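This report describes one part of a fold, starting from a single residue and moving out to the elements around it.

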Amino acid sequence: PLLSVITNISYDHQNLLGDTLPEIAGEKAGIIKQGVPVVIGETQAESAPVFEKKARETDAPLIFADQHYEAVEQNISDWKSNHYQVFKNKKPYLENLEVEAAGPFQARNVATVLQAWEILQSVDLPKTPDLTALRTGLAGLRSFTRFMGRWQVIGTQPTVLCDSAHNEAGLRIAFERILLMPFRRLHIVTGFVNDKEVGNVLGYFPVNARYYFAKADI
């Protein structure tokens, strides 16, 4: 690979990955390869030392995206896309960066993308994506990649939103944003596979909603 990217770490698939964030981070760190640059999307106190140790062992240049880039949402009322003001090292860097994917977690993803894009500028590629390509790609994200399942609107009147948040961090931030959006009545269809610690996440679900519990056929 030319580049490795790891986003944030949360409790998930403990039966496979481990019961603590450092254990989970240790499994995720397996994608760090000898001498290959690695971007970590979010600096977390419990997981950062694990990534730093692995990077030293593999002589892999390591950079934490959120220590250099910050993407600030400019509107949260649109279910389908968003625009960001981007800061690099705390200074204005990009204005009105459009991303064809909404949702509260995308700001962190944008910072990660920009850090990865910066590193790719120094990699020997047949065609290095320039800033115009970056803007075009993000503005047409769903169209170009068929990106599905995260904050995806599949119906209107009423709005029907699908989101595959499936761990504590994802559910918390998704419901915090949903409660900021306009709606008359909130209906929630949800289900869990049996490796989820359901008791740890139920507290994030809104009280004032009508629930439909489903079981995945897996």
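Thr112 belongs to helix H4; helices (H or I, at least four residues) and strands (E, at least two) are DSSP runs, numbered from the N terminus. With a relative accessibility of 6%, Thr112 counts as buried, where buried means under 20% relative accessible area, exposed over 50%, and partly exposed in between (1.4 Å probe, protein chains only). Apart from neighbours within four places in sequence, Thr112 is in contact (heavy atoms within 4.5 Å) with Val5, Val39, Gly41 and Ala65.

The model is predicted, with local features needing pLDDT of at least 70 and side-chain atom pairs counting only at pLDDT 80 or more, while totals for chains, interfaces and linings use all residues. Residues are numbered from 1 along each chain as its sequence is written, and side-chain values use heavy atoms, leaving out hydrogens and water.

Three strands form an open sheet in the order E1-E2-E3, with parallel pairing; two strands pair if DSSP finds at least two bridges between them. Strand E1 (4-6) and strand E3 (62-64) are at the edges with a single partner strand each, so one side of each has no neighbour in the sheet. On average, neighbouring strands of this sheet are turned by 20° against each other, direction ignored. E1 and strand E2 (residues 38-40) run parallel and are joined by three bridges; Ser4 has Val38 as its bridge partner in E2.

Two helices lie across E1, E2 and E3, as tabulated here. Axes are lines fitted to C-alpha atoms, for helices over the stretch in contact, and angles run from 0 to 180 degrees between N-to-C directions.

| Helix | Residues | Angle to a strand |
|---|---|---|
| H3 | residues 48-58 | about 160° to E3 |
| H4 | residues 106-120 | about 160° to E2 |
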